[in-house]
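Look at the sequence and the structure below.

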Amino acid sequence: MSDSFQTNSGLPVSALYGPADRGAEPPEPGRFPFTRGNYASGYRGRTWTFRQYSGFGTAEESNSRYRYLLDQGGTGLSVALDLPTQCGYDSDDPEVTEEVGRVGVAVDTLADAEVLFDGIPLDKISTSFTINGTAAILLAFYVAAAEKAGVPRAKLTGTIQNDILKEYASRGTWIWPPEPSLRLIADTIEFCAAEVPRFNAISVAGAHFRDAGANAVQEMAFTLADGVTYCDTVIERGRLTIEQFAPQVSFFFYTHGDFFEEIAKYRAGRRRWATIVRERYGATADKASMFRFGCVAGGASLYAPQAQNNIVRVAYEAMASVLGGVQSMFTAAWDEPFALPSEESATLALRTQQILALETGVTRTVDPLGGSYFVEALTDATEARIIEIMDDLEQHGGMVRAIEDGYLQGLIADEAYQLHKDIESGTVPVVGVNRFVADEPAPDLATYELDAEGRERQLKRLAKVKDERDGAAVQASLDALARAAEGTGNLMHNLIDCANAYCTVGEMVATLKAVWGEFQQPVVF
Ligand SMILES: C[C@H](C(=O)O)C(=O)SCCNC(=O)CCNC(=O)[C@H](O)C(C)(C)COP(=O)(O)OP(=O)(O)OC[C@H]1O[C@@H](n2cnc3c(N)ncnc32)[C@H](O)[C@@H]1OP(=O)(O)O
């Protein structure tokens, strides 16, 4: 970290690379282990998806932002949900009043989901949901809302994040203990494999390890280790083969500013995952071993001082992501360190991707950096370090154990502390923060303000739904959910029944809490 002739993860960088530094020639793009990309045609076949993360206030406001983003050339949706929805509380719960609609949109019942997607062609546009503890419930709402709009579940495309392990370790929206949480994730994976075959049932997300302080190589290693845990869980249940469900397992990361390290991270991750799926699980179909990922350019790599510098940071990070072979990207707005982005800054963030795709020529040839002495050597070094970190976690007893006893959180905290010290001392340069610092007034921002009337509208809609729904159907579907949770069957059909009966997120979560209990976070020093 402290030597400038290292990547930010501490991998050594030589002054010059040549043929002797490059390992074995990677196969051409589209061929196992996909170091050079999943598809032979690269971005000529299909450009990555422009998927701007967005959602705030009520379903009406978010729906209008989604329509705006699609009108401006966005090619996928990415739903940000508020904390009550993520943690399983309804908007009328007095515990969460201040949080309703704050960091994302409030979704209490199917009625909200219907408004959220009103007028959006769900058979054509793919939608990602950043939702974890309550992912199965939001999937149930999505399926129910689509079917009410006449779109069969088999046609739906999109992704639920549904990655609870990183929630315990770094993001915090857990609800139940690991065992039932993993069961619910396996239920969604099985359900999608059988009935929603074009939908990604999980987005194993390293992004939040990164935001909590993990370096790029740790981010990839921890994420792949989580991926292994989920695949083990599904395989152990014995109902699906790896080939039946792995094509619906996807990944998600942050791209930060160390340009070549990020490119190598993605190339190494793609090769490692393909190798794991083939060697550990015996998959033979290419589709099962493809590592497909989305990313954010931004996050903790953006800074408040001289905030417009973030526009430049995001552009470089987006370029690195594309040279790494990303499938879907969110470019963050420059004012993100302050508040929810304005329409103007959100548009500029989208334009950043469009300029990259259309003006820079980066999509003209497949994996333009393939064969670079440096990039191939760094890819090899990154993969070797990923293997070491994954072995260490496995020796520790696996990811669930490492999270339960705080080992993983300790590794992340150590790295975060080191980075903080390095930025404070100036060893890691950050323009505007520890170099070329200027005395400047805070920027004049037109950021989004939470609308108190919106919250009232949300509460009114919830009250109306509760008033008008069939109380007996609500009770019957919740009772059936409780009985199913006590057994071992798949809960997805029960959750869809609850959604269609207009049960609330809070009611479904409370029903499952009564059977499964709640998770208690270990104290980590
Ligand atoms: C920070 C914040 C927070 O903390 O709160 C967050 O977490 S934000 C978190 C936000 N999360 C996200 O944005 C999640 C992003 N993830 C995703 O979008 C997905 O999981 C993804 C990575 C698999 C990308 O899915 P996608 O639909 O956009 O794109 P795909 O790669 O699946 O491509 C769509 C279709 O085109 C096909 N396709 C793609 N490329 C080619 C090519 N070159 N030639 C031929 N076909 C191709 C694919 O096989 C697929 O077909 P077919 O459909 O037939 O298979």
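R292 is buried but has no salt bridge. Its nearest side chain of opposite charge, D286, is 12 Å away. Buried means under 20% relative accessible area, exposed means over 50%, and partly exposed lies in between (1.4 Å probe, protein chains only). A salt bridge is a side-chain nitrogen of Lys or Arg within 4 Å of a carboxyl oxygen of Asp or Glu. For charge, Lys and Arg count as positive and Asp and Glu as negative, while His and the chain ends are not counted.

This is a predicted model, where local features need pLDDT of at least 70, side-chain atom pairs count only at pLDDT 80 or more, and totals for chains, interfaces and linings use all residues. Residues are numbered from 1 along each chain as its sequence is written, and side-chain values use heavy atoms, with hydrogens and water left out.

**Around R292**

Where does R292 lie? R292 is in the loop between α12 (286–289) and β8 (293–297). Helices (H or I, at least four residues) and strands (E, at least two) are DSSP runs, numbered from the N terminus.

Which side chain makes a polar contact with the side chain of R292? That of N200 does, at 2.7 Å. A polar contact is a pair of N or O atoms within 3.5 Å; within protein, one must be able to donate a hydrogen and the other to accept it, and residues adjacent in sequence count only if both atoms are side-chain atoms. A backbone atom is involved with R292 too: the oxygen of V249 lies 3.3 Å from a polar atom of the R292 side chain.

Now leave aside the neighbours within four places in sequence. R292 is then in contact (heavy atoms within 4.5 Å) with several residues, including N38, Y39, P247, F251 and Q327.

**The paired strands**

Start with strand β2, residues 76–80. Here 5 of its 5 residues are buried. Both faces are covered: G76, S78 and A80 are on one side, and L77 and V79 are on the other.

Two strands pair if DSSP finds at least two bridges between them. Strand β1 (residues 49–54) is joined to β2 by 4 bridges, and the two run parallel. Q52 has L77 as its bridge partner in β2. β2 is also joined to strand β3 (residues 127–130) by 4 bridges, again in parallel. In β3, the partner of A80 is T130.

Helix α2 (residues 59–71) forms a right-handed β-α-β unit with β1 and β2. A crossover is right-handed if, with the strands pointing away from the viewer, the path from the first strand over the helix to the second runs clockwise.

Strand β9 (residues 328–331) also has both faces covered. S328 and F330 are buried on one side, M329 and T331 on the other. β1 and β9 run parallel, joined by 2 bridges. T49 stands opposite S328 in β9. β8 and β9 pair in the parallel sense over 4 bridges. C295 stands opposite M329 in β9. From β8, the chain crosses through helix α13 (residues 309–323) to β9, and this β-α-β crossover is right-handed.

**Salt bridges**

How many salt bridges does the structure hold? The count is 32.

| Pair | N to O distance |
|---|---|
| D367 and R267 | 3.1 Å |
| R267 and E376 | 2.9 Å |
| E388 and R385 | 2.6 Å |

D367 is in the loop between α14 (343–359) and α15 (373–395), while R267 is in helix α11 (residues 259–281), and the two are 100 residues apart. D367 counts as buried because its relative accessible area is 10%. R267 is buried too, at 0% relative accessibility.

R267 in α11 also pairs with E376 in α15, so the pair ties together parts that are 109 residues apart in sequence. E376 is buried, at 2% relative accessibility.

E388 and R385 both lie in helix α15, 3 residues apart, about one turn of the helix. Are they buried or partly exposed? E388 is partly exposed at 46% relative accessibility, and R385 is partly exposed at 34%. Elsewhere, salt bridges that share partners join R183, D187, E190, R237 and R239 into one network.
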